[in-house]
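Subject: A structure for you to look at

Hi,

Here is the structure I promised to pass on to you. Have it open while you read, and turn it around as you go.

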Protein chains: 4
Amino acid sequence: MFNKRTDLALEARELWQETAERTTRLSGVKATKTKREGYPVTRVDILDERGEQALGKPQGSYLTIDLTTFWQRKADFFERAVRAVGSHLKELVPAEGPALVIGLGNAAMTPDAVGPLTAESVLVTRHLISAMPKHFAGFRPVSVFRTGVLGTTGVESAEAVRGLVAEIHPALVIAVDALASRRVGRVCATVQLSDTGIIPGSGVGNHRSALNAETLGVPVFAVGIPTVVDAATLAADLLEEAGVEDISEEKLRSAEASMMVTPRDIDAQVRDLSKVVGYGINWALQDLEIDEMNALLS
Amino acid sequence: MFNKRTDLALEARELWQETAERTTRLSGVKATKTKREGYPVTRVDILDERGEQALGKPQGSYLTIDLTTFWQRKADFFERAVRAVGSHLKELVPAEGPALVIGLGNAAMTPDAVGPLTAESVLVTRHLISAMPKHFAGFRPVSVFRTGVLGTTGVESAEAVRGLVAEIHPALVIAVDALASRRVGRVCATVQLSDTGIIPGSGVGNHRSALNAETLGVPVFAVGIPTVVDAATLAADLLEEAGVEDISEEKLRSAEASMMVTPRDIDAQVRDLSKVVGYGINWALQDLEIDEMNALLS
Amino acid sequence: MFNKRTDLALEARELWQETAERTTRLSGVKATKTKREGYPVTRVDILDERGEQALGKPQGSYLTIDLTTFWQRKADFFERAVRAVGSHLKELVPAEGPALVIGLGNAAMTPDAVGPLTAESVLVTRHLISAMPKHFAGFRPVSVFRTGVLGTTGVESAEAVRGLVAEIHPALVIAVDALASRRVGRVCATVQLSDTGIIPGSGVGNHRSALNAETLGVPVFAVGIPTVVDAATLAADLLEEAGVEDISEEKLRSAEASMMVTPRDIDAQVRDLSKVVGYGINWALQDLEIDEMNALLS
Amino acid sequence: MFNKRTDLALEARELWQETAERTTRLSGVKATKTKREGYPVTRVDILDERGEQALGKPQGSYLTIDLTTFWQRKADFFERAVRAVGSHLKELVPAEGPALVIGLGNAAMTPDAVGPLTAESVLVTRHLISAMPKHFAGFRPVSVFRTGVLGTTGVESAEAVRGLVAEIHPALVIAVDALASRRVGRVCATVQLSDTGIIPGSGVGNHRSALNAETLGVPVFAVGIPTVVDAATLAADLLEEAGVEDISEEKLRSAEASMMVTPRDIDAQVRDLSKVVGYGINWALQDLEIDEMNALLS
């Protein structure tokens with residue numbers, strides 16, 4: 001069977017359901033749909049080990065906010081998207097204590113630049129509170145770390161983050177990364193939040209490389225933006241839809257081995273959505289209006 | 001019938017041949033295969049109006065150099081690729097007179113940045129020869145123009161180039177642009193040279209916008225690098241291969257309207273191949289070894 | 001005598017006045033001081049040939065707007081600075097007809113990047129009006145040209161601009177460039193407007209290289225921002241102030257030949273002031289509020 | 001008395017000697033001059049507490065390599081400069097064990113970008129040796145960390161480095177930073193090596209912020225490139241030279257408070273010299289020829 005690639009819990013659940021053999025109910029997984037600020041939100045809770053095995057992801061909550069209409073640019077779209085992402089994240093994270101925001105990924109590769117770009121829009125306050133405690137009394141301490149990539153640092157992201165966490169003792173970590181989706185329509189149009197941590201660079205089963213409560217000793221929240229579709233996965237979906245069975249993984253992979261599908265204007269879309277996420281993080285962590293964020297970040 | 005998109009004459013010919021109805025010979029088109037520096041080269045000559053209509057491209061010669069093995073990085077691969085591109089271009093262009101190199105496309109959008117990136121590696125000599133004629137006696141005058149994109153200039157590339165050509169009177173123009181291919185395997189792995197000029201931004205039938213001998217009054221040579229596959233074209237090819245007929249253009253286009261397929265490491269590939277093309281242009285225009293280009297461009 | 005360098009008419013007048021020999025009145029030059037939006041404005045009018053010779057600049061009006069307090073960042077400072085620059089420029093330029101904005105200088109050298117950076121904030125409308133005349137009926141056609149620098153183009157800025165003007169026929173040209181001041185206090189803190197055109201790269205007496213009504217056939221307005229002080233000029237001023245006479249030009253120049261004095265945070269200051277100038281140009285040319293410019297440029 | 005600013009031990013010694021009151025010998029400091037690869041090298045050893053107090057720097061060795069002639073670009077200048085820097089650094093650092101290279105400073109501010117730019121030219125090998133120990137048997141493990149700046153991280157460079165050192169246990173640290181010189185002639189023309197560690201951002205007496213053997217638990221070597229002259233220091237030097245006494249610090253500082261003197265082409269000079277330093281570090285740490293570094297870094 002062709003192994004379709006996705007980093008979204010929502011899609012992992014869809015894939016489970018699509019498989020012809022599934023006549024039984026998917027137990028250990030609960031899914032609910034709501035709306036916020038006009039944007040549809042799907043919540044997938046993986047409740048136990050059966051759920052973990054079925055979806056291939058750790059227990060916890062995964063929220064997917066569908067910002068597709070973001071790109072239709074109605075009035076207030078930016079503010080509404082920030083509130084939708086920010087208010088959900090606020091419900092997940094502890095209400096107090098210093099936060100460390102991690103920008104994962106490669107600033108020099110557009111589809112992988114979500115983490116470093118988001119970092120540009122996060123209000124960095126830890127040093128200000130430390131230097132001028134009275135002046136910044138109303139702020140929560142936030143620091144930011146851009147891990148870079150292994151090829152230019154020689155250090156695993158998880159190693160570098162562990163060292164920093166041990167030194168500055170945040171109460172929580174928020175890790176931001178680019179994801180792969182299965183559906184073209186979700187690329188640069190959805191945001192996934194989870195309370196389960198993250199395995200940088202599309203989980204390769206290396207437990208030491210995970211950023212989660214177990215490895216860091218503090219709760220780790222993940223914010224992911226799908227920026228690509230694996231070309232072979234897209235091809236397999238198309239062929240299935242057209243009634244073709246017997247899809248050879250080997251053949252599809254050989255042809256499109258290292259290919260991805262992205263929007264033509266991915267540079268602009270990644271930049272815009274990263275700003276939504278950065279402001280959403282500020283919304284979750286600080287008690288500020290968007291105008292105030294604009295003023296502080298300019 | 002689904003309308004597959006390609007900017008390569010080689011692929012336009014393939015598409016013609018694949019069409020079921022073609023029982024007749026393709027007249028007005030000649031194709032030949034050779035090798036240079038170990039790289040396969042396909043030459044498609046469009047000889048008359050029948051050829052023009054069949055392939056949807058103007059009369060002239062189109063050479064496609066297959067650098068796939070470039071990425072296997074054997075010894076001397078860069079030098080060999082430069083010589084393969086440069087020596088073919090040298091055979092096309094007039095042996096004397098000042099040259100103007102045009103970098104078309106958007107430096108801020110990676111798959112469209114081939115033109116501006118190539119411009120970085122072209123030896124600019126016109127001002128040096130003018131200021132120090134004796135010192136630079138051995139060089140051919142070369143100037144470079146980056147057109148930028150309509151959204152940030154308000155001026156069509158063709159208008160700006162016409163104005164410049166009328167002012168500085170080059171003997172020939174070489175225009176460099178990104179192309180769309182139909183095959184994943186050709187993306188960032190082939191270079192197309194032609195003596196027919198170019199219509200910037202994938203020919204929209206706007207005659208005024210063409211850069212060619214007719215609109216500029218001097219011979220115009222085009223150097224194109226495919227950097228993307230139209231996602232809908234890729235999908236249609238896959239479905240056909242799998243035996244699916246009756247492919248609905250509407251459906252494919254709606255889903256992947258603005259999607260493209262690119263290599264995951266497109267930033268690096270576009271940068272490396274643009275350097276090959278820039279050096280290849282130097283090879284065609286100047287009497288220099290690659291080491292000498294390195295020294296002059298550092 | 002040491003030859004002090006400045007591109008500001010205001011300072012050329014100061015230098016004339018400081019020279020010990022001047023016992024006579026400076027005839028052919030008129031200077032007046034006003035305020036706008038709280039910012040001091042000095043207007044120097046060079047009225048005839050005597051004025052031209054005394055100040056070494058062509059006849060015409062030169063306005064210097066002192067934005068020093070810009071950096072004190074009072075409420076509305078950005079809006080006030082835009083209005084101060086924009087409303088003065090609006091009084092200089094013709095009320096109708098298409099405009100071409102020229103960004104002179106080197107985007108890769110911070111103190112010389114004022115032109116290209118300003119270009120980023122200019123509303124480009126010519127292509128929109130042409131494509132959708134009804135939709136953009138209220139806008140004035142504006143196009144933008146970044147000349148780049150001789151070393152990377154091989155073409156003099158003036159040649160390239162002449163070619164473009166002949167092709168697209170603007171009613172006026174606004175050229176933006178970095179200037180040298182004599183006073184540290186004016187660096188990144190003042191804007192000079194003039195109706196006399198400009199000689200790119202600090203006037204070298206090459207008449208063909210001038211951008212003015214004579215060479216382009218349309219009125220040319222210059223907007224300049226001082227970003228550096230010539231280090232030798234600063235030194236000479238300091239020594240004079242300290243009572244040292246007999247300053248050897250040779251000695252000062254040998255030491256600091258290619259040195260300049262700039263603010264430590266020049267990257268940020270140049271970026272911020274270029275945005276003021278870009279928006280000021282929009283203010284002068286379009287009938288828009290600053291909020292509307294923000295929306296159109298985002 | 002005016003307080004002249006310098007980060008070079010060489011200049012701290014000059015300043016001590018110039019002071020009129022010094023009739024005694026400077027004890028606790030030893031200076032020697034040699035040449036390497038044709039470049040003059042000055043070594044200042046601070047031997048004890050008297051030396052520390054006189055020069056305001058910690059005990060240890062400081063080597064200043066004068067690359068002025070680097071810019072004359074004789075044959076092999078790059079190779080010779082790399083060997084001059086690299087061979088001296090090799091003599092300072094331990095012969096074995098993993099190294100961590102720290103790029104201090106702000107990549108977005110040219111005169112402060114020496115650290116991050118150097119990091120681009122350092123061979124990063126730690127992850128390769130770990131993944132393919134046999135293939136990379138001949139290499140020394142090297143990792144690289146770019147600290148960023150406080151305003152965008154919220155974390156002191158020293159905190160972040162301490163955390164990383166505790167996690168990955170290097171045998172030595174090499175920290176690269178931009179310096180301030182007192183002499184225009186030394187800017188972008190000299191390299192200072194020392195075995196004393198470094199206080200990021202021009203020593204403010206904050207002991208916790210130092211990167212040295214005491215705070216990190218491993219030997220710390222510093223590589224510094226002067227990229228600016230403090231404008232007030234330059235002015236004071238000029239006035240003294242001209243015989244002016246009684247220089248008011250207040251007055252000079254008020255005028256040029258935040259001004260610096262740099263070369264006009266600082267972007268290019270900082271880039272070129274950072275590459276020399278990066279390759280010099282490779283020379284000191286790896287057993288490679290420059291050609292091999294080129295191949296591995298391309």
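Below is what I found in it, one contact at a time.

Before we start, please keep in mind that this is a predicted model.

**Where chain A meets chain B**

Let's begin with chains A and B. Each of them brings 28 residues to the contact: 28 from chain A and 28 from chain B. How much area do chain A and chain B bury between them? The value is about 2,400 Å², and 62% of it lies on carbon and sulfur atoms. On the chain A side, three residues stand out: Met259(A), Met260(A) and Arg264(A) supply 29% of the area that chain A buries against chain B, more than any other three residues.

If you want to find this surface on screen, look for the elements of chain A that give two or more residues to it: strand 8 (220-230), helix 9 (231-241), helix 10 (249-256), strand 9 (259-263) and helix 11 (266-285). Helix 9 of chain A has the largest share, with six residues. Sorted by class, the side of chain A that touches chain B has 18 nonpolar, three polar and seven charged residues.

How many salt bridges does the rule find across the interface of chain A and chain B? It finds zero. Polar contacts do occur there, and they number two residue pairs between chain A and chain B.

Now zoom in on strand 9. Strand 9 of chain A is joined by five bridges to strand 9 (residues 259-263) of chain B, and the two run antiparallel. To see one of these pairings, pick Pro263(A), whose bridge partner in strand 9 of chain B is Met259(B).

There is also symmetry to look for. Chain A can be superposed on chain B by a rotation of 180° with 0.0 Å of shift along the axis, and the RMSD is 0.0 Å. Within chain A, the residue that comes closest to this rotation axis is Val261(A), with its C-alpha at 2.2 Å. Since 100% of the interface residues of chain A are also interface residues in chain B, the copies meet through the same surface.

**Where chain D meets chain A**

Chain A has a contact with chain D as well. Here chain D gives 22 residues and chain A gives 22 residues. Together chain D and chain A bury about 1,700 Å², with 53% coming from carbon and sulfur atoms. In chain D, the residues that lose the most area to chain A are His127(D), Gly154(D) and Glu167(D), together 26% of what that side buries.

Which salt bridge does Arg126(A) make? Its side chain meets that of Glu159(D), at 2.7 Å from N to O. In total, the rule finds four salt bridges across the interface of chain D and chain A. It also finds ten residue pairs in polar contact there.

The elements of chain D that give two or more residues to this side are helix 5 (126-131), strand 5 (142-148), helix 6 (150-153) and helix 7 (157-168). Helix 7 of chain D gives the most, with seven residues. By class, the side of chain D that touches chain A has eight nonpolar, seven polar and seven charged residues.

Chain D can be laid on chain A by a turn of 180° and a shift of 0.0 Å along the axis, with an RMSD of 0.0 Å. That is the relation of a two-fold axis. In chain D, the C-alpha nearest the axis belongs to Gly163(D), 2.1 Å from it. Here too the copies meet through the same surface, because 100% of the interface residues of chain D are also interface residues in chain A.

**Chains that do not touch**

No contact joins chain A and chain C, and their closest C-alpha atoms lie 10 Å apart. Chain B and chain D do not touch either, with their nearest C-alpha atoms 9 Å apart.

**A hairpin to find in chain D**

Last, a feature inside one chain. Strand 1 (residues 29-36) and strand 2 (residues 39-46) of chain D run antiparallel and are joined by eight bridges. Lys35(D) stands opposite Pro40(D) in strand 2. The two strands of chain D form a hairpin with two residues between them, and Glu37(D) in the turn has a positive phi of about 55°.

Enjoy exploring it!

Best wishes

Terms used. Residues numbered from 1 in each chain as written. Chains lettered and ligands numbered in written order. Predicted model: local features only at pLDDT ≥ 70, side-chain atom pairs only at ≥ 80, totals over all residues. Heavy atoms only, no water. Contact = heavy atoms within 4.5 Å. Buried area = accessible area lost by both parts, 1.4 Å probe. Polar contact = N/O pair within 3.5 Å; in protein donor to acceptor, adjacent residues only side chain to side chain. Helix = DSSP H or I, 4+ residues; strand = E, 2+ residues; numbered from the N terminus. Nonpolar A, V, L, I, M, F, W, Y, C, P; charged D, E, K, R; others polar. Pairing = 2+ DSSP bridges. Least-squares fit on C-alpha atoms with pLDDT ≥ 70 in both.
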